[in-house]
Amino acid sequence: GGKRWGLQGSDITKNRIRNTTYRQTMKVYTRTGDKGETSLVGGQRVKKCCQRIESYGTADELNSFLGLLMTYAKDSADHDSLTRIQRTLFVVGAYLATEPKEGGYMPDISQLSEQTDVLEREIDRISEALPQLRHFILPGGERAAAVAHVCRTVCRRLERNIYSLIDDGATVDSSVTAYVNRLSDYLFVLERKMNCDNGRDDVKA
């Protein structure tokens, strides 16, 4: 019963009501996007092909590929790092999905600069254990490394999309572009590490 889990009966009732309401009100489909428009975080309606949607949609795509990469990551430290990156990237996506307006809600990105520093430390740590890079390399080798390359290129596309959004007149905090840029660098060295960990050399171009 409720006492076993440290809950009072009234709390359980409230939770059941809350969960029931959630199930009744939250649907996967809304039919509001059937004509090529969608809502931003603040409720503004925009076309699905607009640059803001392209930007945070690419952040979502990258996060999905990172999830795939994690299924191949054997090193627990890499797995933990990728989990942290996924959570940070989710915040980046939420920020990009929000149209800034005076007095309006904006996702908290105050930790982005710190997370960029974390990425730089990870890049330095990984690079110290890798052979010196003396030539261009091709995507490939171990499956994990190949997927890391896919993540890297999607990350680069995300960066380009953000700058296109800025060129369209949007304001994007510099901590966002710095984080995304550093993330692509991290994914490059992670790819090399994943090949090295499995006894594979870089695929020379």
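**Cysteines.** I began with Cys196, which is partly exposed, with a relative accessible area of 34%. The model I am reading is predicted, and I kept that in mind for every entry. I then looked up Cys155, which counts as buried because its relative accessibility is 0%. Next I asked how far the sulfur of Cys155 is from the closest cysteine sulfur. That sulfur belongs to Cys151 and lies 8.8 Å away, too far for a bond. A disulfide is a covalent bond between the sulfur atoms of two cysteines. I searched the whole structure for disulfides and the count was 0.

**Helix α5.** I checked the length of α5, residues 143-167. Its 25 residues should span 36 Å at 1.5 Å a residue, and the end C-alpha atoms are 36 Å apart, so the two values agree. Just after α5, I noted that Gly169 has a positive phi of about 110°.

**Core.** I turned to the largest nonpolar core, which has 39 residues. In soluble globular proteins, nonpolar side chains tend to be buried together. Which members touch the most other members? They are Leu62, Leu66, Leu69, Leu82, Leu183, Tyr186 and Leu187. Two or more residues of this core come from each of α2 (51-70), α3, α4 (112-128), α5 and α6 (174-197). The element that gives the most is α5, with 10 residues. I followed up Leu82 and left out residues up to four places away in sequence. On that count Leu82 touches Leu66, Leu69, Met70, Ala73, Tyr186 and Leu190.

**Tyr95.** I located Tyr95 in helix α3, residues 76-96. Is Tyr95 buried or exposed? Its relative accessible area is 8%; the cut-off for buried is under 20%, so Tyr95 is buried. I listed its contacts, again setting aside residues up to four places away in sequence. Tyr95 touches Arg52, Met106, Pro107, Ile109, Thr171, Val172, Asp173 and Val176.

My last entry is the largest pocket, which holds about 150 Å³ of space. Its lining consists of Tyr56, Ala59, Asp60, Asn63, Leu89, Phe90, Gly93, Ala94 and Ala97. I asked which elements give two or more residues to this lining, and they are α2 and α3.

Methods:
Residues numbered from 1 in each chain as written. Predicted model: local features only at pLDDT ≥ 70, side-chain atom pairs only at ≥ 80, totals over all residues. Heavy atoms only, no water. Helix = DSSP H or I, 4+ residues; strand = E, 2+ residues; numbered from the N terminus. Buried < 20%, exposed > 50% of the residue type's maximum accessible area, 1.4 Å probe, protein only. Contact = heavy atoms within 4.5 Å. Expected span 1.5 Å × (residues − 1). Core = buried A, V, L, I, M, F, W, Y, C linked by side-chain atoms within 4.5 Å. Disulfide = S-S within 2.5 Å. 1 Å grid on protein atoms, 1.4 Å probe; cavity = no way out; pocket = protein on both sides within 12 Å on 5 of 7 lines; lining within 4 Å. Points joined across faces, edges and corners; volume = space filled by probe spheres on them.
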